[in-house]
Amino acid sequence: MEIEKGSHGPASTDSLLQWSQWQLLDSILPTGGFAHSLGLEAAFQAHMISGLEDLQTYVLHVLENTGSLLLPFVYSANMSPNLETWHKLDKILDATLTNEVVRKASIAQGSALMRVAATVFSEAPSLEMMRISSLGSGTVAFHHAPIFGLVCGLLGLDTGISQRAYMFITMRDVISAATRLNIIGPLGAAKLQHDIAIAAEYMSKKWMNRTFEEACQTAPLLDTVQGCHAYLFSRLFCS
């Protein structure tokens, strides 16, 4: 069946934007998030995680660190979703991430998100123009957090929803990695995600609406563990 625009009656702009916003958070969107464990695989092989309690503690530390280090870049990009701001934030984050494993993971996911968003979200044509102009510059790394904020801003998500959305996909990805590492089953993972939501909301509010100048690292041990991922003898994830 061929889909013709405008053939199914009028639809408000806000309603159509909601469909795009939901799609941005859908796990089926091929941005490569499930190829990364956010250091969980390295922590598991280092015997730092031996059960549900350890896993829950790890996820909470990941969320805390994401809130303190990356939410400021999501917020800043969302507040000013334009080429100049994005390039500035991308360069600053590239200098901030000294861990090569984390840096490569951020670039891989950011590049995939930008490519997908520019192709899928035709209601934001500036995404494709920004991507094309940046690909040939050689100065843009395409880090994930600023691109997520940029896409959210152009799709009409407000700053609060954008920042909560970033925390949500972080929580979703690390818990999904736990199921594939057989640390927890699918049903247990769903319950864990629901139980952690209260803490995730608290952390979101704690680190929300901070500019990139306030970005900081709160869990250096996680950064160290994730940096060891490249030295694992066998591994399932890219990071």
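Residues are numbered from 1 along each chain as its sequence is written, and side-chain values use heavy atoms, with hydrogens and water left out. Because the model is predicted, local features need pLDDT of at least 70 and side-chain atom pairs count only at pLDDT 80 or more, while totals for chains, interfaces and linings use all residues.

Let's start inside. A search of the whole structure turns up one cavity of 30 Å³ or more, and the largest cavity holds about 470 Å³ of space. (A cavity here is a set of points, on a 1 Å grid over the protein atoms alone, where a 1.4 Å probe fits but cannot get out; lining residues have an atom within 4 Å of a point. Points are joined across faces, edges and corners, and the volume is the space filled by probe spheres set on them.) Helix 3 (52-69), helix 6 (100-120), helix 8 (144-154), helix 9 (159-180) and helix 11 (220-227) each give two or more residues to the lining of the largest cavity; helices are DSSP runs of H or I, at least four residues, numbered from the N terminus. In total 25 residues line the largest cavity, with Leu38, Thr66, Leu70, Val102 and Gln226 nearest its centre. By class, that lining has 12 nonpolar, 11 polar and two charged residues. Ala, Val, Leu, Ile, Met, Phe, Trp, Tyr, Cys and Pro count as nonpolar, Asp, Glu, Lys and Arg as charged, and the others, Gly among them, as polar.

Now look at helix 4 (residues 71-79). Eight of its nine residues are buried, so helix 4 is largely enclosed by the rest of the structure. Buried means under 20% relative accessible area, exposed over 50%, and partly exposed in between, with a 1.4 Å probe and protein chains only. The buried set runs Leu71, Pro72, Phe73, Val74, Tyr75, Ser76, Ala77 and Asn78. These residues pack against helix 3, helix 5 (83-96), helix 8, helix 9 and helix 10 (186-207), where contact means heavy atoms within 4.5 Å.

Next, a helix pair. The axes of helix 7 (residues 126-135) and helix 8 come within 11 Å and cross at roughly 150°, which makes helix 7 roughly antiparallel to helix 8. The axes are lines fitted to C-alpha atoms over the stretch in contact, and angles run from 0 to 180 degrees between N-to-C directions; under 35 degrees is roughly parallel, over 145 roughly antiparallel, 65 to 115 roughly perpendicular and the rest oblique. Ser126, Leu127 and Met130 of helix 7 meet Leu150, Val151 and Leu154 of helix 8.

A few single residues are worth a stop. Ala42, in helix 2 (residues 40-45), is buried at 4% relative accessible area. Beyond residues up to four places away in sequence, Ala42 touches Val225, His229 and Leu232.

Finally, the loops. Most residues other than glycine have a negative phi. Phe142, in the loop between helix 7 and helix 8, has a positive phi near 70° and is buried at 7%. Asn182, in the loop between helix 9 and helix 10, has a positive phi near 65°, but Asn182 counts as exposed at 67%.

Key:
1 Å grid on protein atoms, 1.4 Å probe; cavity = no way out; pocket = protein on both sides within 12 Å on 5 of 7 lines; lining within 4 Å.
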